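Notebook open, structure loaded. I want to go through the contacts one by one and jot down what I find.

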Amino acid sequence: MKKQWWHDKVAYQIYPKSFYDTNEDGIGDLNGIISKLDYLKELGIDIIWISPIYQSPFVDQGYDISDYYKIDERFGTMEEFDTLLAEAKKRNMYIVMDLVINHCSDKHEWFQKALKDPEGEYGDYFYFRKGKNGNPPSNYRSYFGGSAWEKVEGTDYYYLHMFAKEQPDLNWNNPKMLNELYTMINWWLEKGVAGFRIDAIINIKKDLEFKSLKPDGPDGLVSAWRVVESVNGVGELLEDLKKHTFEKYQAFTVAEVFNMKRDELVEFVGENGHFSTMFDFSAHTLSLGEHGWYDSHPIRFEDFRRVIFDSQAECRDVGFLANIIENHDEPRGANRYLPLYAQNDDGIKMLGTISVLLRGLPFLYQGQEIGMRNCRMESIEEYDDINTQGEYEMAMEAGLSKEEALEVCYENSRDNARTPMQWDNSPNAGFTTGTPWLKVNPNYKTINVKNQQEDKDSVLNYYKKLLALRKSEEYKDVLTYGDCVPMFTQEPDIFAYAREKDGQTVYVLANFGTEKKTLTGCFKNRKVLLNNKTEAIFDDASVTLEPAQVLVL
Ligand code: GLC
Ligand code: CA
């Protein structure tokens, strides 16, 4: 495999609105990010992906962009962004922007012009179609609920939006529109960003006849997921995108792709793939319900282990996936993947270890390094997220009580990951001296960066050791390029694998169960590289793991 500059790096996602506020408006900002660069450097981070900071009406928290060339004033100015780039560079760190190009905001100039004249030049930047017998052009359901078509008042036209109605989909069949996107992408690359995290990109290919599909719910609509699966040929668009932009700059790209066709892996992340890498969402999708959050279900350990090892095997000779436990669209990993008894420091260290040492690029999400948890909201009004509100409605329509619907949100809401970063135990967790835009998790008094910096056994200090091991001269090569060989897969509750390269082997052994477990094998004389508990019990032919113990040998 041809080596690339990003192969042995560790990445971190910043959700800027909730990271650190420096001007008392309750919203995190660019100066906040700049002031925490040293913190991230010390943690062991190289690449920083920042969720959207472009000008936006914030209907979907910046994933609805109204000007791709401007920094939203809530976050700061372009000068401050340039300072961020320079300060990152000084520290050998790389800034990766979020690229949202399946759709823009309905407040974008293009869409405003299109609305005035759906048949004109800018109308063709989007998908405007006439309705059928007083109904929308097709029965697509948007990701956030309801029809994916919105009527343009006073005309026969509807426009397509796979997400919120304020996020009209861009027409990727229009060369003029494409050229505008490519120019914009190259403008950011010229500025010095290292690459992009590419949002919702699988959605760009459309069936231009917009044929209705078999409904999958009582509303007579069909989910956006099925719509995406029904079309072929996204690869041509992606290849064109890469050729005109990323490739020329050796940019790093990580794609958000949910439902790729199985046999497309090589085309997506192979050596000459459309992207550098893409997220492994196989564990995240395990809890998905048929109809929505209200019929989502807890993840069984065996499934969790199986899908991760399957992804590792599929990618083995192809390329690298990006491994995550959480992001801004998911509940906190500690709540989701750990059994109740292990939702504590030991369990969180164990979960972090098995994720970070897999083959592939480790991505941490802000707050993961201190073990932040889901946040209880007292009522639906405390949630801000548009998706959560839609899912709450759907849950109520399906017959759940208010309390039950709220519980569903507690388990699934994207706002679980979006509550402000917990820096210390001063008011508002030290995130702001103003009023935070979203509730601060009350557990900040105990779970915060400052406490953990002072405690040598904290989750934070463990993560530092973990990332340092991954990047150490001695183990970097095997942990970056070595095979990942699953072990003890017949044993319930054990997540174990070996990383192997050129005769060097690192074992990662974790016990997710509530009972002690003895694993046979000659582990005795191996160096203990990491241990989340004080002791480890070896004998000549085995090692015994306490519940929630992880050992790296
Ligand atoms: C992606 C983003 C999510 C956003 C959606 C629409 O899934 O991660 O936050 O709502 O795309 O842009
Ligand atoms: Ca601010």
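**Ligand 1.** I began at arginine 414, where a side-chain N or O atom sits 3.0 Å from an oxygen atom of ligand 1. I count a polar contact as a pair of N or O atoms within 3.5 Å; within protein, one must be able to donate a hydrogen and the other to accept it, and residues adjacent in sequence count only if both atoms are side-chain atoms. Arginine 197 also puts a polar side-chain atom 2.9 Å from an oxygen atom of ligand 1. For glutamate 256, the distance from a side-chain N or O atom to an oxygen of the ligand is 2.7 Å. Which residues come nearest to ligand 1? They are Asp60, Asp199, Glu256, His328 and Asp329, out of 14 residues around ligand 1. I call a residue near if one of its heavy atoms lies within 4 Å of the molecule or strand in question.

**Ground rules.** This is a predicted model, so I note that local features need pLDDT of at least 70 and side-chain atom pairs count only at pLDDT 80 or more, while totals for chains, interfaces and linings use all residues. Residues are numbered from 1 along each chain as its sequence is written, chains are lettered from A and ligands numbered from 1 in the order in which they are written, and side-chain values use heavy atoms, with hydrogens and water left out.

**Salt bridges.** My cut-off is a side-chain nitrogen of Lys or Arg within 4 Å of a carboxyl oxygen of Asp or Glu. By this rule I get 50 salt bridges. Arg414 turns up again here, in a salt-bridge network with Asp60, Asp329, Asp385 and Arg418.

Aspartate 477 and lysine 3 form a salt bridge, at 3.9 Å from N to O. This pair links distant parts of the chain, 474 residues apart: aspartate 477 is in helix H18 (residues 476-481) and lysine 3 in the segment before strand E1 (11-14). My helices (H or I, at least four residues) and strands (E, at least two) are DSSP runs, numbered from the N terminus. Are these two side chains' residues buried or exposed? Aspartate 477 is partly exposed at 28% relative accessible area, and lysine 3 is exposed at 57%. Buried means under 20% relative accessible area and exposed over 50%, with partly exposed in between (1.4 Å probe, protein chains only).

Glutamate 491 and lysine 517 also meet in a salt bridge, 3.3 Å from N to O. Glutamate 491 lies in the loop between strand E14 (483-487) and strand E15 (494-501) and lysine 517 in strand E17 (residues 517-520), so this pair ties together parts 26 residues apart in sequence. Glutamate 491 is partly exposed at 27%, while lysine 517 is buried at 16%.

Aspartate 207 pairs with lysine 211, with the closest N and O atoms 3.5 Å apart. Aspartate 207 counts as buried because its relative accessibility is 19%; lysine 211 is partly exposed at 45%.

**Aspartate 64.** I found this one in the loop between strand E3 (54-55) and strand E4 (67-71). Aspartate 64 is buried yet has no salt bridge, and the nearest side chain of opposite charge, arginine 74, is 8.0 Å away. For charges, Lys and Arg count as positive and Asp and Glu as negative; His and the chain ends are not counted. What does the side chain of aspartate 64 reach? It reaches the backbone nitrogen of phenylalanine 58, at 3.3 Å. Beyond four places in sequence, aspartate 64 has contacts (heavy atoms within 4.5 Å) that include Cys104, Ser105, Glu166 and Gln167.

**Calcium, ligand 2.** The protein donors are Asp21 (OD), Asn23 (OD1), Asp25 (OD), Ile27 (O) and Asp29 (OD), lying 2.3 Å from the ion. Donors are N, O and S atoms within 2.8 Å of the metal (3.2 Å for Na, K and Ca); water is not among the atoms, so sites may look incomplete. Along the chain, the calcium donors follow the spacing D-x1-N-x1-D-x1-I-x1-D. Aspartate 21 is buried at 6%, whereas aspartate 25 is partly exposed at 34%.

**Helices.** In helix H14 (residues 402-412), the buried residues are Ala405, Leu406, Val408, Cys409, Tyr410 and Asn412. Their cover includes helix H11 (333-337), helix H13 (386-397) and helix H15 (415-418).
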